[in-house]
Amino acid sequence: MKPNKENLYTHVTLGITLLSVGFIDIFFNTFLNFNITGFFPSIISYLSPLILGSFGLYFIRIEYSGNKILDAINKNLNSSNSNAILSLIVIFILIKYVPSLLNWFIFDANFLGNTKEDCTGDGACWVFVRVWFNRFMYGMYPDAEQWRINFSFILLLVSIGSIFILPNKFKKYIILFLLFIFPVIALNLISGGIFGLEWIETGAWGGLSLTFIVSAFALIFCFPIGVFLALGRRSDLPAIRYSSIGFIELWRGVPLITVLFMSAVMFPMFLPDGTYMDKLMRVIIAITLFEAAYMAEVVRGGLQALPRGQYDAAKSLGMGYWRMHFLIILPQALKLVIPGIANTFLALVKDTPLIFVVGLLELAGMIGLAKTNPKWLGMATEGYVFAALVFWIICFSMSRYSQNLEKKLSTER
Amino acid sequence: MNFKTFSIDLKNKKRLIPQVLTLLSIFLAISYFTFNAQVNMDNRGIAFGFGFLSQEASFDIGFSLIDYDGSHSYARAFLVGLLNTLLVSIIGIFFATLIGVTVGIGRLSSNYLVSKFSEVYVEVFRNIPLLLQLFFWYFAALRALPLPEEAMNFNDISYLTVKGWYVPKFIWTNFSLFICSVIAAIIAIIFVSKHAKKQREEFGKHIPSFYIGLVLLFSLPALSFFIGGVALEFEIPVLEQMSATIFNFRGGVSIIPELMALAMALSMYTATFIAENVRAGILGIGKGQKEAAASIGLNKTQILKLVVLPQALRIIIPPTTNQYLNLTKNSSLAAAIAYPDIVLVFAGTALMQTGRAIEIVSITMGTYLLISLSISSFMNWYNQSVAIKEK
């Protein structure tokens, strides 16, 4: 009875028939609420599509049948009994849940309108996201002044983009601009207070733009600190080595949330009486120190990966410690760990929502605020799905980019 | 002074000066901050000290593994928080490993659908911030569960409602004897496997230690039931009408939604990283290893058990423990959904009541640091003991 090539058509017909009965069963069950195998005991009726389908797949499992489609199916979905059952389970899960998810997401969803009452369908109420969109992006930043944030980001994007387009000669000026001049411009532009711009206190900053502000500043500052910590950890001077190790392990051993707590409630106690440091600034310092410890470990990986010959060669040219590191070692080591740096940045972006513990409202925090608005109760799902989508797009593209980089760099060596 | 001693002197100075400067600046920074803290605390009339730990806490905690109410001390509240943190971490680690290993193996499956499905899972859950996932489960998914009177019913034993998951409570008699029997079984299994290994290596004799172990693991505790008078009863939750419209379950154990949401978010998020570790570990074993094992006549299970797994585990375990550590640290997100873990109970409520920011934040951070350092030093020891010893 084992299927073979001689009775190919009998077996294929039999298999496809059984398979179709199984699929029809699951379709009727899902979309028409009608169980065609209801006359069986409940457990058999429940498993009937699976049983029928796996028998069907058993009959069409014919090696080297000569039919390309059949062979491809057998190879990829149906190479053994257990594989067949797994494939069927995945297909049935897709049939059962994907349509209802799509319905909720798009087909039954409401996009138009201005109030909650405009949401009449069964699906998602995207009106909520549309009405609150400005708040989700800019927090409590005044509407009339939002061009300042937009302008800063466009400036950032343009200068990053120009790194890829301009010839190598200008690249380093752009990077210097990004590292030293851009932060000052952006900070002054967004907070205002000079050139006749209205002063906007950091409490009003929020939404997705705050996520970018916090992660961009933390990245810029944590990078040099991380490099020095990594050098310190590999130093042969015991006092420097052990204080670097202590610093790194201290931050790596505690969760970010406690570090933020520290910056919020404990740090003011350590400042001279009467001085006040802005909440956002404290948060950025805390995240910077925290991420610097992780960055240090990434950079240390690069330093360790360099062969000893590089150090020896640099020393034999008569270079001192700093010249050797800045001219020979670090350029190579940092190139090795670009993917690691990208991953650290990714982790940093994913960690920024935590700043809600000190009362700063970025995207997730703004959604928390919006969903408790009495006019918009019961919109938590829409809000969090929207935020998840936004973060997913950012993080996924970044991780893909770092993977590409990893591939590119690994082939060059 | 001749030239040689002078040059050594110079070299020593070159080594000494940066070290002294570093230590001096660290010392200065610490003393500056301590001085400020001293002034600030004097101004507010608080004295530094840990005496407050023995004072009455006078706040309640919603979920506790040990006896606790407002009349207990702050130290006890700290312990409750710590146990809750450990509880959710252990649950999270268990499920993260389960999902992670399944998905990691699934990604390597020859089945196209299964490997795509696993890949989509990893890419989706890895790239969404954990806090958002947590909010999603807590505020969106678990809030959609039915009220107690329409609870989702699992065989009349367990009920899932918006107020939590009610499961039967285990009521043991002579519980300590049962535990003793389990420990005895584990010790016996260790002895059997050691003996089997010795027999195999010295005489080439095969002893089915796995099956003997399985039998031991079940028979000894079973014996304790029949002979030792151990008994187990279940207290099944029952729906009760509190008032005209309010229903609730009585009896059993209630797993609060905060715990469920936190455990779900933590395990699903960490599982993606574990899956990648598992995949990398299995891919890291060269094809030649499997072919060599097959060519000396090992069958498929033996190849997996004796050749692939021992080598793959050596690659998988270090990054996976790192993920376990991350999970434990990430469990501090509990504060966002009011699950009473150490951060919420101690760095939240207790800090609010006592105002002792420095003491409380340092105790909390110190606890996490202690957990991290002890796990990582254990892992260093373990890695050294399993590292390939080249001859």
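This is a predicted model: local features need pLDDT of at least 70, side-chain atom pairs count only at pLDDT 80 or more; totals for chains, interfaces and linings use all residues.

Q: How is chain A divided into domains?
A: Domain 1 of chain A covers 8-98, and domain 2 covers 127-141 + 200-412. The bounds come from an automatic or database domain assignment. The C-alpha centres of the two domains of chain A lie 49 Å apart.

Q: And what does the domain assignment give for chain B?
A: Domain 1 of chain B is 3-48, and domain 2 is 74-168 + 236-386. Over C-alpha atoms, 42 Å separate the centres of these two domains of chain B.

Q: Switching to the interface. How many residues of chain A are in contact with chain B?
A: On chain A, 42 residues are in contact with 47 residues of chain B. Contact means that the C-beta atoms, placed from the backbone, lie within 7 Å.

Q: Which elements of chain A give two or more residues to that side?
A: They are α3 (68-77), α4 (81-107), α9 (238-252), α10 and α16 (380-412) of chain A. The largest share, 10 residues, comes from α16(A). Helices here are DSSP runs of H or I with at least four residues, strands are runs of E with at least two, and both are numbered from the N terminus.

Q: How do the residues on that side of chain A divide by class?
A: They divide into 31 nonpolar, 9 polar and 2 charged. Ala, Val, Leu, Ile, Met, Phe, Trp, Tyr, Cys and Pro count as nonpolar, Asp, Glu, Lys and Arg as charged, and the others, Gly among them, as polar.

Q: Let's stay with α10(A). At what angle does it cross α11 of chain B?
A: The axes of α10(A) and α11(B), residues 357-386, cross at roughly 155 degrees and come within 9 Å. Axes are lines fitted to C-alpha atoms, for helices over the stretch in contact, and angles run from 0 to 180 degrees between N-to-C directions. The two helices, α10(A) and α11(B), are therefore roughly antiparallel. Angles under 35 degrees count as roughly parallel, over 145 as roughly antiparallel, 65 to 115 as roughly perpendicular and the rest as oblique.

Q: Is that crossing of α10(A) and α11(B) left-handed or right-handed?
A: Left-handed. That term applies if the near helix is turned anticlockwise from the far one by less than a right angle, and right-handed applies if clockwise.

Q: Which residues meet there?
A: From α10(A), A:T258, A:F261, A:M262, A:V265, A:M266 and A:M269 meet B:A357, B:I358, B:V361, B:T364, B:M365 and B:Y368 in α11(B). By class, this contact has 10 nonpolar, 2 polar and no charged residues.

Q: What about α10(A) against α10 of chain B?
A: α10(B) is residues 342-354, and the two helices pack at an angle of about 10 degrees, with their axes 11 Å apart. That makes α10(A) roughly parallel to α10(B). Here A:I257, A:T258, A:F261 and A:V265 meet B:V343, B:A347 and B:L351.

Q: And within chain A, how does α10(A) pack on α11(A)?
A: α10 (256-270) and α11 (279-305) of chain A pack at about 140 degrees, with their axes 9 Å apart. That makes α10(A) oblique to α11(A). Their crossing is right-handed.

Q: New topic: which strands form the sheet in chain B?
A: An open sheet runs in the order β1-β2-β3-β8, with antiparallel pairing. Its edge strands are β1 (152-154) and β8 (253-255) of chain B. Two strands pair if DSSP finds at least two bridges between them.

Q: How do β2(B) and β3(B) pair?
A: β2 (158-161) and β3 (164-167) of chain B are antiparallel over 3 bridges. A hairpin joins β2(B) to β3(B) through 2 residues. B:L160 stands opposite B:W165.

Q: And β3(B) with β8(B)?
A: That pair is antiparallel over 3 bridges. B:V167 stands opposite B:V253 in β8(B).

Technical notes
Residues are numbered from 1 along each chain as its sequence is written. Chains are lettered from A and ligands numbered from 1 in the order in which they are written. Two residues are in contact if their C-beta atoms, placed from the backbone, lie within 7 Å.
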